[in-house]
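I'll jot down what I look up as I go.

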Amino acid sequence: MYGAAMNSPSAAGRRRRRPIGLAALRGFEAAARQLSFTVAAQELNLTQSSISRQMAALERQLGKPLFVRKTRALALTAAGMQLQHAVRQALTAIDQSVDEIRGVANAQRVTLSTYASFASLWLAPRLAIFQRRHPEIEIRLDASDRVVDLQAEDIDVAIRWIPPGRMPAGQ
């Protein structure tokens, strides 16, 4: 009886299709938005080759190309555009839900960027005291030695020493 039920059309319709791995979807979303594996990798703190391998695996799983690879450029295929739309909506909904669960939706958030040495030697020890006094404020710390674009990277405060005349335009 069990074997007959599994072969019926209704049982076949309920059978789960072969799913794709979800790990590469955040990498795909970044690569599709940036149209660059390199920039997507930097955004996600991965290597370019890691993003490239993720995209190749995703394309194999789907059985269709998602990107047209040109010399130093990417473009989305029709399948890539379709998937980008769905993934963007899904990730936005997931991220919003996670923020609500964490209680971050209404929290004040300050993103601070400074040198790694300053962050570890002076700032980090003091942040614990600040967090105890102000638990309602979420501090996000970007500790890197590169000059950042405050608007593009959504950074509220940057602490840097830059020699006169070397300040980036618009800063």
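This is a predicted model: local features need pLDDT of at least 70, side-chain atom pairs count only at pLDDT 80 or more; totals for chains, interfaces and linings use all residues.

**Helix α5**

I began with helix α5 (residues 48-62), which has 15 residues and reaches 21 Å from its first C-alpha to its last. That is close to the 21 Å expected at 1.5 Å a residue; the expected span is 1.5 Å times one less than the number of residues. Helices here are DSSP runs of H or I with at least four residues, strands are E runs of at least two, and both are numbered from the N terminus.

Residues are numbered from 1 along each chain as its sequence is written, and side-chain values use heavy atoms, with hydrogens and water left out.

Which residues of α5 are buried? I found Ser 50, Ile 51, Met 55, Leu 58 and Glu 59. Buried means under 20% relative accessible area, exposed over 50% and partly exposed in between, with a 1.4 Å probe and protein chains only. These buried residues pack against α3 (25-34), α4, β1 (67-70) and α6 (78-102). Just after α5, I noted that Gly 63 takes a positive phi of about 80 degrees.

Leaving aside neighbours within four places in sequence, Glu 59 is in contact (heavy atoms within 4.5 Å) with Lys 64, Pro 65, Leu 66, Phe 67 and Arg 69.

**Gln 42, for contrast**

Gln 42 sits in helix α4 (residues 37-44). Buried or exposed? Gln 42 counts as exposed, because its relative accessibility is 56%. I also checked Gln 42 against Ala 30: they are twelve residues apart in sequence and 9.9 Å apart in space, C-alpha to C-alpha.

**Aromatic rings**

My search of the whole structure turned up three aromatic pairs. Rings of Phe, Tyr and Trp (its six-membered ring) pair if their centres lie within 6.5 Å; planes under 30 degrees apart count as stacked, over 60 as edge-to-face and the rest as tilted.

Phe 37 and Phe 67 are edge-to-face, at 5.3 Å centre to centre with 90 degrees between the planes. Phe 37 lies in helix α4 and Phe 67 in strand β1, so this pair ties together parts that are 30 residues apart in sequence. Both Phe 37 and Phe 67 are buried.

Phe 118 and Trp 122 make a stacked pair, at 5.3 Å centre to centre with 15 degrees between the planes. They are four residues apart in helix α7, so about one helical turn separates them. Phe 118 counts as partly exposed at 28% relative accessibility, and Trp 122 counts as partly exposed at 41%.

I also saw that ring pairs link Phe 28, Phe 37 and Phe 67 into a cluster.

**Strands around β3**

Last, the strands, which pair if DSSP finds at least two bridges between them. How many bridges join β3 to β4? I got seven between β3 (residues 108-114) and β4 (residues 137-143), and the two run parallel. Val 110 stands opposite Ile 139 in β4.

On β5 (residues 157-159), three bridges join it to β3, again running parallel. There the bridge partner of Leu 112 is Val 157.
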